[in-house]
Amino acid sequence: RPDLPSGDGQPALDPAIAAAFAKETSLLAVPGALSPLGIPNAAAAAAAAAAGRVGMPGVSTGGNTVLLVSNLNEEMVTPQSLFTLFGVYGDVQRVKILYNKKDSALIQMADGNQSQLAMNHLNGQKMYGKIIRVTLSKHQTVQLPREGLDDQGLTKDFGNSPLHRFKKPGSKNFQNIFPPSATLHLSNIPPSVSEDDLRMLFGNTGGTVKAFKFFQDHKMALLQMSTVEEAIQALIDLHNYNLGENHHLRVSFSKSTI
């Protein structure tokens, strides 16, 4: 209705007063004046966010450490294969394939950041021909079977595994966490192992090697499979493979292409 006052009912501020008020307000906004109140600056906030993203040890966002993985290929999956794949994104502590539902498993990571990373990167990926689903579990921990109870090897404790990638604080592995990709990064290759050896080894995992490139004086290589699924399979089969001369092959996903 036209007879109602418009606006918020406040009298308009005189322009001169408004200008003076604006100037006074700007004087209050001294850079850094708020920092004693514990308001982090942008750089610290970004660093904290990055720490959360890469799941640094000791910088946990809390959250659940246990993942529920479903739609697994129950004929093929083992605690060891889940340990190897999920171990790309964190230090897997325990794995339990469910006794009454063998297409599902519980996986306990070292902290909440790692479980979040693994879920973000592996949910919807193909493992042994099936698209797996990864969600946070309502369980806080994975129980080991009671002493003397045979659970057919479905539960495995990896707490003391020498294969954890993220045990060392500040390890370079924290900077090399990438989503599953068709290109794999190989390291710890002994001098005697040739490109043909590695092409044959990876070809035997059921996929096709599309491209290969040595670098770092032959100690590392990039190897490209035909599909992401083939690369996942090759990583599960060949990470920590003994190439002889006390060299165990290290395999991870790469952000590079060849």
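**Pockets, a cavity and a strand: notes for a first look**

1. Let us start with an open space. The second largest pocket has a volume of about 160 Å³. Its lining is made up of K96, I97, L98, Y99, N100, Q143, L144, P145, L149, D151, L154 and T155. By residue class, that lining divides into 7 nonpolar, 3 polar and 2 charged residues.

2. Before going further, please keep in mind that this is a predicted model. The average pLDDT of the protein is 84, and 76% of the residues score at least 70. Where pLDDT is low, the predicted coordinates should not be read in detail.

3. Of its 258 residues, 39% are buried. If you take the contacts between residues at least 6 apart in sequence, 70% of them join residues at least 24 apart.

4. Now to the largest pocket, with a volume of about 620 Å³. It is lined by 22 residues, and the closest to its centre are K172, N173, N176, S187 and R250. Which elements give two or more residues to this lining? They are strand 8, strand 10 (220–225) and strand 11 (250–253). Strand 11 supplies the largest share, 4 residues. The lining of the largest pocket divides into 7 nonpolar, 9 polar and 6 charged residues.

5. Rolling a probe the size of a water molecule over the atoms shows where empty space is left. The structure holds 1 cavity of 30 Å³ or more, and about 70 Å³ of space lies in the largest cavity. Around the largest cavity you will find F83, T84, G87, G90, D91, L163, H164, R165 and H239. These lining residues divide into 2 nonpolar, 5 polar and 2 charged.

6. S161 deserves a moment of your time. This residue lies in the loop between strand 7 (155–157) and strand 8 (183–187). Is S161 buried or exposed? S161 counts as buried because its relative accessibility is 9%, under the 20% cut-off. Leaving aside neighbours within four places in sequence, S161 is in contact with F83 and K167. F83 is also one of the residues lining the largest cavity.

7. Strand 1 pairs with strand 3 (residues 105–109) in the antiparallel sense over 4 bridges. Strand 1 is also joined to strand 6 (residues 133–136) by 4 bridges, and these two run antiparallel.

8. Where does L67 have its bridge partner in strand 6? That partner is L136. In strand 3, I107 is the residue that stands opposite L67.

How values were computed
Residues numbered from 1 in each chain as written. Predicted model: local features only at pLDDT ≥ 70, side-chain atom pairs only at ≥ 80, totals over all residues. Heavy atoms only, no water. 1 Å grid on protein atoms, 1.4 Å probe; cavity = no way out; pocket = protein on both sides within 12 Å on 5 of 7 lines; lining within 4 Å. Points joined across faces, edges and corners; volume = space filled by probe spheres on them. Nonpolar A, V, L, I, M, F, W, Y, C, P; charged D, E, K, R; others polar. Buried < 20%, exposed > 50% of the residue type's maximum accessible area, 1.4 Å probe, protein only. Contact = heavy atoms within 4.5 Å. Pairing = 2+ DSSP bridges. pLDDT = per-residue confidence, 0-100.
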